[in-house]
Every structure is written in structure tokens, then in C-alpha cells.
Amino acid sequence: ALGEPLKVMISGAPASGKGTQCSMIVEKYGLVHISTGDLLRAEVSSGTEIGKKAKEYMDSGKLVPDEIVTDMVVSRLSRQDARERGWLLDGYPRSYPQAQSLEKLNIRPDIYIVLDVPDEILIDRCIGRRLDPVTGKIYHIKNFPPENEEVARRLITRSDDTLEKVKLRLQTYKQNAEAILPNYLNLLNKIDGNRTREVIFQEIDSILKKVEENSSSSVQLA
Ligand code: AP5
């Protein structure tokens, strides 16, 4: 492509389908997927200092302190692969100070996608979610059961996917989401996330195609 590599932010409540859509976007567009939840869970499971601090916040459904998360994201964004292939930022910014940190560094996306899903569905999606620790694939006991027994046997449940913790995470999301929107109003694309993952992806795909076309035509004009 003639244009700059794509820069995408994806947001939405817990279990709105961010991770699921990100893996489909990555497969087609080759962007570098930066998920703050995944980065933090990796720190927790390798028992680092950051992981030890982050765990108590994650387990109580609260946001991990901004400095910790912002340092992680900024250093990941500045790596060469992200600059060359473009990036897909999942779960960040999640608070007003986080959004301001990016503004200060002049880091802006081409598009800001929000997945919109009703609360009662979010809760069912969280409770039924299972992860494959080998492939990183996201399953759901009813919606997307594993392909075979071997995969089924190794699936794990996230420690914050209990009913009680999901409610706290949802509350945290609602307290913070509105504060970020003004920064990205002109880039905002709210998408109905209560449809099949294929239909949702089709819509995201057509939005990203348009963004790519616009950026390559503005390069040609320049
Ligand atoms: P994070 O990992 O980001 O969790 P989250 O925002 O709660 O989002 P989830 O990962 O739960 O859901 P998702 O939207 O990716 O949905 P998924 O595709 O898996 O953050 C975890 C914690 O880390 C936070 O609570 C916080 O403590 C900390 N943290 C992270 N970022 C931070 C930040 N910036 N600042 C401070 N702290 C931070 O789908 C969910 C389920 O639904 C799956 O089972 C899936 O199979 C199913 N599903 C998906 N799509 C569909 C569909 N279309 N139809 C039916 N089922 C579907």
C-alpha cells in the first residue's frame, strides 16, 4: 500500500468481543496486536514485579495504575514492527489520563472502534469464556465450543471471569468509557457487537478498507 500503515484502536466493555475481532483483523491486515489485558496477564503469569502489582487490581476488577500500563504500551508501540506494520491497540486507553498520555506523545489512531453489546449478554459471554493456553484462541462453552476433545481438555478459565468480578469490571468500564470519547469523536465508529462474529468482522473490514483507501489517495495527491 502507498499509505502509512494502519493504526486502529478497539474498545468496548468486558467480553464485548475485542479479542475475538482482533484476531480476525490481525489475520487479514497483519497489524501488531497490542492488548493491555494480554500483556498484563503475561506479567502476572511470569511473576514479575509489574505482574505482582497488577494482579490485585485485575482480581478486583479495577484498572491497573495508569503509569504501569502506559509505560508498557508506549514501549510496545515504539518497537519497529509496530511502526512498520501498523498497530491494533486493544483495551487502551481506558481512562482519561491514559488518553492524555497518548495525546502528549502525538499518538493517534486512524480509527476508533467501539463494540456495543447489552450488559446481560456480556455477563453470559464472560462466564462461558475459555482460553486455549497453547494457541491463545478464545472459546465459549456455548457459542464457540472447542473443535475436539484434546483442545477441550486443556482449556482454562480466566480468574476474573466470575459473575461477581465481571460485574465489577463492567462498573469500572462504565465509569471510565465516557471520559475518553471526546478525544476520538471524529474517529468514532460504534458497531453493534451483538451479532455473529463474522457479520461484525465484515463491518469492521469494510471500515478498515475505506481508511486504507483514503490514506493511500491522500498520499497520491500530496
Ligand atoms: P482485558 O483483558 O482487556 O479485559 P476486558 O476489557 O474485560 O475484555 P475481555 O478480554 O474480557 O473481553 P473481549 O472484549 O476481548 O472479549 P472476547 O473476544 O474475549 O483486561 C483485563 C484487566 O486488565 C482489566 O480488568 C484491568 O484490571 C486490566 N487492564 C487492562 N487494560 C488496562 C488499562 N488500559 N488500564 C488499566 N488496567 C487495564 O469475547 C468474550 C467471550 O464472548 C468469548 O467467550 C468469545 O468466544 C465470546 N464472543 C466473542 N464474540 C462473540 C459474538 N459475536 N457472539 C457470541 N459470542 C462471542
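Against which elements do the buried residues of helix 2 pack? In this predicted model, they pack against strand 2 (32-35), helix 3 and helix 4 (66-77). The buried residues in question are Thr 36, Leu 40 and Glu 43. Seen down the axis of helix 2, they fall within an arc of 55°, so they line one face of the helix. An α-helix has 3.6 residues a turn, so residues three or four places apart point the same way. Gly 47 follows helix 2 and has a positive phi, near 70°.

Helix 2 (36-45) also contributes to the shell around the ligand, giving two or more residues. In total, 34 residues surround the ligand. The closest are Pro 14, Gly 19, Gly 37, Arg 129 and His 140. Other elements that give two or more residues to this shell are helix 1 (18-29), helix 3 (49-59), helix 7 (119-128), strand 6 (138-140) and helix 10 (197-221). By class, 13 residues of the shell are nonpolar, 14 are polar and seven are charged.

Strand pairing involves strand 4 (residues 111-116) with two partners, strand 1 and strand 7. Strand 1 (residues 7-12) pairs with strand 4 in the parallel sense, over five bridges. Within this pairing, Gly 12 has Leu 115 of strand 4 as its bridge partner. Strand 7 (residues 188-192) also runs parallel to strand 4, and five bridges join them. Here, Val 114 has Lys 190 of strand 7 as its bridge partner.

Terms used
Residues are numbered from 1 along each chain as its sequence is written. This is a predicted model: local features need pLDDT of at least 70, side-chain atom pairs count only at pLDDT 80 or more; totals for chains, interfaces and linings use all residues. A residue is near a molecule or strand if its C-beta atom, placed from the backbone, lies within 6 Å of it. Helices (H or I, at least four residues) and strands (E, at least two) are DSSP runs, numbered from the N terminus. Ala, Val, Leu, Ile, Met, Phe, Trp, Tyr, Cys and Pro count as nonpolar, Asp, Glu, Lys and Arg as charged, and the others, Gly among them, as polar. Two strands pair if DSSP finds at least two bridges between them. A residue is buried if 20 or more other C-beta atoms lie within 10 Å of its own, exposed if 12 or fewer, and partly exposed in between; C-beta atoms are placed from the backbone. The arc is that of the directions from the helix axis to the C-beta atoms. Two residues are in contact if their C-beta atoms, placed from the backbone, lie within 7 Å.
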